[in-house]
Amino acid sequence: MKVNGKLVRGIIFDLDGTILDSASIWKEVDEAFFRKRNIEMPIDYGEEIGHIGLDKAATYTINRFHLNEKKEDIIKEWKDGVLDYYAHKVTLKPHVKEFLLFLKNNNVPFCVATANDEDCYKSALINNGIYDLFDFILEVNNFKNGKDKPDIFYACIEKLGSTVSTTIVFEDLPLPLSTAKQANIMCVGVKDLSYNDDIESIKKELADIYIEDFDELYKYISD
């Protein structure tokens, strides 16, 4: 299969804000977290932590805001705010499942590289009927770096059996897209306004393809 004339042998998907329409719940949890502590939430906070995983995000938050709190307690507070939502309310972005089935039918392997934890996202993927479609799921928490470095992308590429030049990364945030682009991996930017309103930079500078709906992808695909 070719995308924009480029041979594709593997695809890496982000989850929240890309596959799952779930990024807004994290913004609500973050806002509640800061309100509880009478701290104004910085405008850059969501993008700073959105790619590094809950463990690193808790450490970052404690250090940045000089909190006398335990990392484990912060993670529990965050998870308590989202588990019910993931279990019962999270839906897919438009036409995601159809596109994943299209990839399966065309024998293109695909995986997930996420900053989320399994006990959050797994129920949502199962409820929406796509959990078993992915070849595998890798979590940023199991890597030294977040998506500010391409480590997790390279690990996915190795497991997919593809190469840098035959892989596509799907992301909604500028930083992971920038990381993939700098690693010479083709990028698809997916619209999500929950944290990011810098759509123009994604369109013009970071994404090889920009979509608001997965149904738009087929016009770029050829045999």
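## Aromatic pairs

Tyrosine 86 is buried, its relative accessible area being 0%; buried here means under 20% relative accessible area with a 1.4 Å probe and protein chains only. The model is predicted, so local features need pLDDT of at least 70 and side-chain atom pairs count only at pLDDT 80 or more, while totals for chains, interfaces and linings use all residues. Residues are numbered from 1 along each chain as its sequence is written, and side-chain values use heavy atoms, without hydrogens or water.

Across the whole structure, a search gives 18 aromatic pairs. Rings of Phe, Tyr and Trp (its six-membered ring) pair if their centres lie within 6.5 Å, and planes under 30 degrees apart are stacked, over 60 edge-to-face and the rest tilted. Tyrosine 85 and tyrosine 86 make an edge-to-face pair, at 6.4 Å centre to centre and 85 degrees between the planes. Phenylalanine 99 and phenylalanine 170 make a tilted pair, at 6.1 Å and 45 degrees. Phenylalanine 99 belongs to helix H5 (residues 96-105) and phenylalanine 170 to strand E6 (residues 167-171), so this pair ties together parts 71 residues apart in sequence. Helices (H or I, at least four residues) and strands (E, at least two) are DSSP runs, numbered from the N terminus. Both phenylalanine 99 and phenylalanine 170 are buried. One aromatic cluster includes these two residues along with Phe13, Phe102, Phe110, Phe134, Phe214 and Tyr218.

## Charges over rings

A charge sits over a ring if NZ of Lys or CZ of Arg is within 6 Å of the ring centre and within 35 degrees of the ring normal. The charged end of arginine 37 is 3.6 Å from the ring centre of phenylalanine 33, over that ring. Lysine 104 lies over the face of phenylalanine 110, with 5.3 Å to the ring centre.

## The sheet

Six strands form an open sheet with parallel pairing, in the order E5-E4-E3-E6-E7-E8; strands pair if DSSP finds at least two bridges between them. Strands E5 (137-139) and E8 (209-211) are at the edges with a single partner strand each, so one side of each has no neighbour in the sheet.

E7 (residues 186-190) runs parallel to E8 and is joined to it by three bridges. Valine 188 has isoleucine 209 in E8 as its bridge partner.

## Helix contacts

In H3, residues including Leu54, Ala58 and Ile62 meet residues of H4, among them Ile74, Ile75 and Trp78; contact means heavy atoms within 4.5 Å.

Terms used:
Buried means under 20% relative accessible area, exposed over 50%, partly exposed in between (1.4 Å probe, protein chains only).
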